[in-house]
Amino acid sequence: MKRVAIVGGGVAGLAAAYEMARVADGGGERMRVVLYEASSRLGGIVETVREGGFVIEGGPDGWMTEKPWARELAVQLGLGEELIYSNDEGRRTYVLLDGRLEAIPDGMRMMVPADLATLDQSALFSAEAKDAFRNEVTRAEELRAAAPAQDESVAEFVERHFGDEVLEKIGAPLLSGVFGGDVRKLSVRAVMAPFVAMEREHGSLIAGLQARAGVKKAPIFTTLRSGLGTLIDRMVAAIPQAWIHLGVEVVSIRRDGGEWVVGTNVGEERFDVVMMAAPVHVARALMEPLDARAAELMEMEASSAVVVGFAYDDAARVPVPAGFGFLVPAGSNNLLLACTFMDQKFGDRIPAGGRLLRAFFGGEAAKRVMRCGNDETAAVARMELARILGPLPEPRVTVVRRWPLSLPQYGVGHLERMAELEERVRRMDGLWLLGNGYRGVGLPDLIRDAREAVRTLAAHTVSSLH
Ligand SMILES: Cc1cc2nc3c(=O)[nH]c(=O)nc-3n(C[C@H](O)[C@H](O)[C@H](O)COP(=O)(O)OP(=O)(O)OC[C@H]3O[C@@H](n4cnc5c(N)ncnc54)[C@H](O)[C@@H]3O)c2cc1C
């Protein structure tokens, strides 16, 4: 019998436990699994609040459709009928510019326009920025030749193609809402790999995007009608309940006589395998006494996020422009980083005629807002939104969620550091690192990674018995 500890009951830890339950059900090796979760609930950053007919996400609100692994899991869990997609016909994102919301031109993929003609009418970009876009195509050869052999920052990459205005107005706010923080430190290879490949092939990113035109595109985001919390609930229901230990914090991990000894606030237990799915700063601290170099490789900045959801009964009293929401570039004198018009992004998750806004604070602002109580945080969010959208009525439901150090920053050189880390961890017989610090932050990546780890472990266990 193999004894397995899973540390952390967020989506990564739960996906690992779910896969283990499947392996065990399928007649695979018998396992004794203990999932340690420090808090009193499962799901980690994934949390859905359902109130007054509104489905309000406190953390992620969906996943990128092009990555199939979250969908596959949802279907296996019997949630195929629950899958819903973003309203891409109405997909438009705005940027706050001098107090006004200006639309990002249609058809842009992140900061790359597929069609230069859409820029003509745009009030978002200056004449210089529009010229920089147009020139990017003619500079294709020069850009291909200039592509560095090494990793670089997102800022360097975007500036080389489009200049600093495009970086500041859309590049930085788009990326810092997903990957903690600072585009001058973020690794372009880790967070914008498809664009790096396009640069290598076409030089010009606009030309690269145009070469892919005509490829039929699925709706960009997928989610579940009743909220992502349902994905968590279904995984939990499929895991033997005896495996789950809530309110148990792992405080140490050490090696003793070929076994792993996991220390918690309630005692110690021995295992053959440890799957570490706690946030990377926690995992790093637990790694320190095992392998100082590995811990060093796991050192990364992480930014915090604060999400405030406001649900309104009467959309007419909360007018917003058509689209998914808006971004706030740095230096605009607002604390907000972004706001999503949830009822327009995904239908079906609000009562008829309702409106659901989700305000998002990141970086330094999140650090400041994090210190406030719920009422104060909601008041700040409401004031910030009202400055942009106009006076707002009393919401029917308000949800405030704080996620400290939840967005790890993949700095320049991240892929190389992770390759070295993986190599070291492989040599520590039976230790696995899962979660959002290593190979992707999105739900599909985390699910794929966790399930693959368990399958590899199961295959290895079977083959080592022969
Ligand atoms: C505001 C926000 C919005 C996001 N939006 C999206 C989105 O729309 N789409 C998308 O794909 N991704 C999104 N993400 C990213 C995604 O939600 C996260 O990367 C993912 O949920 C992280 O899952 P995880 O299991 O790695 O970690 P977590 O969810 O952080 O889970 C880790 C768990 O470990 C527990 N733990 C910590 N220390 C210990 C310990 N010592 N012992 C035992 N347990 C411990 C914690 O309590 C927690 O439950 C978003 C992230 C944030 C913050």
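**Figure 1. Helices H5 and H6 cross with right-handed geometry.** A crossing is right-handed if the near helix is turned clockwise from the far one by less than a right angle, and left-handed if anticlockwise. The model is predicted: local features need pLDDT of at least 70 and side-chain atom pairs pLDDT 80 or more, while totals for chains, interfaces and linings use all residues. Residues are numbered from 1 along each chain as its sequence is written, and side-chain values use heavy atoms, without hydrogens or water. H5 spans residues 154-162 and H6 spans residues 164-176. Helices (H or I, at least four residues) and strands (E, at least two) are DSSP runs, numbered from the N terminus. The two axes come within 9 Å and cross at roughly 140 degrees. Axes are lines fitted to C-alpha atoms, for helices over the stretch in contact, and angles run from 0 to 180 degrees between N-to-C directions. H5 is therefore oblique to H6. Angles under 35 degrees count as roughly parallel, over 145 as roughly antiparallel, 65 to 115 as roughly perpendicular and the rest as oblique. H5 contributes Val154, Ala155, Val158, Glu159 and Phe162 to the contact, and H6 contributes Asp164, Val166, Leu167 and Leu175. Contact means heavy atoms within 4.5 Å. Seven of these residues are nonpolar, none polar and two charged. Nonpolar covers Ala, Val, Leu, Ile, Met, Phe, Trp, Tyr, Cys and Pro; charged covers Asp, Glu, Lys and Arg; the others, Gly among them, are polar.

**Figure 2. Helices H5 and H8 cross with left-handed geometry.** H8 covers residues 193-202. H5 and H8 pack at an angle of about 45 degrees, with their axes 12 Å apart. That angle makes H5 oblique to H8. Phe157, Arg160 and His161 of H5 meet Phe195, Val196 and Glu199 of H8. This contact has three nonpolar, one polar and two charged residues.

**Figure 3. Helix H5 is largely enclosed by the rest of the structure, because seven of its nine residues are buried.** Buried means under 20% relative accessible area, exposed over 50%, and partly exposed in between (1.4 Å probe, protein chains only). The buried residues are Val154, Ala155, Phe157, Val158, Arg160, His161 and Phe162. Gly163 follows H5 and has a positive phi, near 90 degrees.

**Figure 4. Pro173 is a buried residue, at 4% relative accessibility.** Pro173 lies in helix H6. Leaving out residues up to four places away in sequence, Pro173 touches Leu167, Glu168, Leu327, Val328, Pro329 and Leu337. Pro173 and Pro148 are 25 residues apart in sequence, and their C-alpha atoms are 25 Å apart.

**Figure 5. Asp61 sits in the loop between strands E4 (54-57) and E5 (63-64).** Asp61 has 10% relative accessibility and counts as buried. The side chains of Asp61 and Lys345 make a polar contact of 3.1 Å. A polar contact is a pair of N or O atoms within 3.5 Å; within protein, one must be able to donate a hydrogen and the other to accept it, and residues adjacent in sequence count only if both atoms are side-chain atoms. Beyond four places away in sequence, Asp61 touches Thr223, Leu228, Thr340, Met342, Lys345, Phe346, Arg349 and Arg358.

**Figure 6. A polar contact of 2.7 Å joins the side chains of Glu259 and Arg270.** Glu259 is found in strand E14 (residues 259-264). Its relative accessible area is 19%, so Glu259 is buried. With residues up to four places away in sequence not counted, Glu259 touches Arg3, Arg254, Arg270 and Phe271.

**Figure 7. Val273 of strand E16 (residues 273-276).** Val273 counts as buried, at 2% relative accessibility. Residues touching Val273, except those up to four places away in sequence, are Lys2, Arg3, Val4, Ala5, Trp260, Gly430, Trp432 and Leu457. Val273 and Ala193 are 80 residues apart in sequence and 32 Å apart in space, C-alpha to C-alpha.

**Figure 8. Asp98 has a positive phi of about 50 degrees, and Leu405 one of about 45 degrees.** Most residues other than glycine have a negative phi. Asp98 is found in the loop between strand E7 (93-97) and strand E8 (100-103). Asp98 is exposed, with 68% relative accessible area. Leu405 lies in strand E21 (residues 397-408). Leu405 counts as partly exposed, at 38% relative accessibility.
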